[in-house]
Amino acid sequence: MDQLMSIVQAINGILWGKLLIVLLCGTGLYYTLRLRFVQIRKFGAVIKQTFGGLTLCGEKADAEGMTSFQSLATAIAAQVGTGNLAGAATAIAAGGPGAIFWMWIAAFFGMGTIFAEAVLAQTYKVRDDHGQVTGGPAYYIRDGFGSKWLAGFFSVTIILALGFIGNMVQSNSIADAFNSAFGIPTLYVGIGVAILGALIFFGGIGRIASFTEKVVPIMAVLYLLGGLYILITQAANFIPAVKMIFVGAFDPRAATGGLIGVGVKEAVRYGVARGLFSNEAGMGSTPHAHAVAKVKHPAQQGLVAIMGVFIDTFIVLNMTALVIFATGAIDGQTTGIALTQRAFELGLGSFGNPFIAICLLFFAFSTIIGWYFFGEANIKFLFGSKGLTPYRILVMLFIVLGATLKVSLVWELADMFNGLMVLPNLIALIGLAKVVSRALDDFESDGTLKTK
């Protein structure tokens with residue numbers, strides 16, 4: 001076991017040390033320039049496309065797919081997860097307040113990448129053996145880029161990374177939080193989460209869409225209201241909190257008075273790495289949701305995908321960071337979810353810990369649903385619809401197992417498979433850049449190009 005841990009850690013050191021940070025940021029920069037800063041030029045259209053005709057009770061998803069907003073909600077369900085609570089705090093503890101600035105930079109360029117992912121997912125979506133619309137990187141890697149081997153490799157790694165191991169991590173976070181806040185045994189929490197998950201899994205795309213379009217906005221508003229209350233009560237600390245981010249980006253020691261003794265290199269590394277991990281741009285996960293959106297043109301869903309990164313990083317993750325800074329929760333020792341809990345306890349008193357536990361339940365459980373859905377698309381790619389029932393049962397078992405275990409190897413394996421699935425996706429993104437550019441140009445001219 002120790003030898004396996006060493007091997008996995010060595011692989012993660014290569015993947016997440018520099019390689020993926022450079023590749024993901026480089027791809028984002030490439031698309032930002034190639035698409036002529038689409039995230040800025042078209043931001044008005046992003047808002048209109050996302051919120052025009054918004055409703056929490058949209059039409060029921062069917063074999064033709066989901067509404068555009070339901071697809072976005074499913075993508076955000078996966079993006080806005082424990083990374084927004086624990087990931088931001090981890091980046092701050094390891095890289096100082098300036099890590100948040102570099103998270104912004106990663107998110108800005110990531111908007112270009114995620115636009116491309118959504119466009120390609122729409123362009124190469126297909127129907128499965130039951131006539132249901134489906135799609136994702138495996139499909140555009142196979143049908144667009146022309147590599148069955150890379151497509152198969154991607155499918156296997158994302159099923160392991162998200163469907164199984166990743167959902168163990170999410171259920172572990174929920175179980176720990178509820179055990180700490182309410183004293184509920186972790187096994188009971190795991191069983192409860194698995195049963196709730198099964199009710200949605202076995203309901204198919206219709207129930208997944210109905211769940212995400214209602215729960216995602218509610219959970220985001222709940223968390224933001226709690227954070228906003230703290231920022232209002234700590235109003236005098238708001239400007240200093242923002243200043244910490246900008247000072248810390250270039251002089252981390254000065255931002256905290258030496259409490260966190262790191263340099264600019266660490267601020268950049270942890271900010272970019274945790275930012276990319278949180279918003280998932282370029283990782284190949286969210287395209288599965290955007291592929292099934294009912295839109296007339298691929299670029300329409302590309303614009304909606306940009307909003308997902310904006311909400312994840314510039315709204316939800318920023319709230320976590322500002323609450324941590326405004327409450328003075330940084331002590332140089334506490335990190336991860338414990339730092340976020342400490343900040344909300346300082347801001348909300350005794351209600352802070354239960355508040356974060358409830359928010360974590362929403363965030364992590366919605367991520368489980370999103371990640372399950374992404375894995376499902378790849379199960380169908382590899383095995384057809386006959387593989388869905390065994391997959392659903394296995395996901396439930398992994399959820400229960402994850403709640404009862406706290407093995408560092410599980411977390412390391414999740415990071416490793418997350419890293420491995422990125423590589424074939426980025427190769428295809430670069431190789432299919434002309435398809436993305438052509439789609440945007442067409443949309444900006446007359447919008448006549450239709451999805452398949």
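Is D441 buried, partly exposed or exposed? With a relative accessibility of 39%, D441 counts as partly exposed, on a scale where buried means under 20% relative accessible area, exposed means over 50%, and partly exposed lies in between (1.4 Å probe, protein chains only).

Before we go on, a word about the model. It is a predicted one, in which local features need pLDDT of at least 70 and side-chain atom pairs count only at pLDDT 80 or more, while totals for chains, interfaces and linings use all residues. Residues are numbered from 1 along each chain as its sequence is written, and side-chain values use heavy atoms, with hydrogens and water left out.

Let us stay with D441 and look at its partner. R36 forms a salt bridge with D441, and their closest N and O atoms are 3.6 Å apart; the term stands for a side-chain nitrogen of Lys or Arg within 4 Å of a carboxyl oxygen of Asp or Glu. This pair ties together distant parts of the chain, 405 residues apart: R36 sits in the loop between helix 1 and helix 2 (38-41), and D441 in helix 20 (residues 433-445). Helices here are DSSP runs (H or I, at least four residues), numbered from the N terminus. R36 is also partly exposed, at 39% relative accessibility.

The structure holds nine salt bridges. In one of them, K214 pairs with E213, with the closest N and O atoms 3.5 Å apart. Here K214 is partly exposed at 29% relative accessibility, whereas E213 is buried at 2%.

Another salt bridge joins R342 to D331, with 3.9 Å between the closest N and O atoms. R342 belongs to helix 16 (residues 336-348), and D331 lies eleven residues away in the loop between helix 15 (298-326) and helix 16. Both ends are partly exposed, R342 with a relative accessible area of 30% and D331 with 25%. Salt bridges with shared partners also connect R36, R41, K42, D441 and E444 into one network.

Now turn to helix packing. Helix 1 (residues 2-34) and helix 6 (residues 98-123) have axes that come within 7 Å and cross at roughly 75 degrees; the axes are lines fitted to C-alpha atoms over the stretch in contact, with angles from 0 to 180 degrees between N-to-C directions. The two helices are therefore roughly perpendicular, a label for angles of 65 to 115 degrees. From helix 1, L24, T27, G28, L29, Y31 and T32 meet F108, F109, G112, T113 and A116 of helix 6, where contact means heavy atoms within 4.5 Å.

Notes:
Angles under 35 degrees count as roughly parallel, over 145 as roughly antiparallel, 65 to 115 as roughly perpendicular and the rest as oblique.
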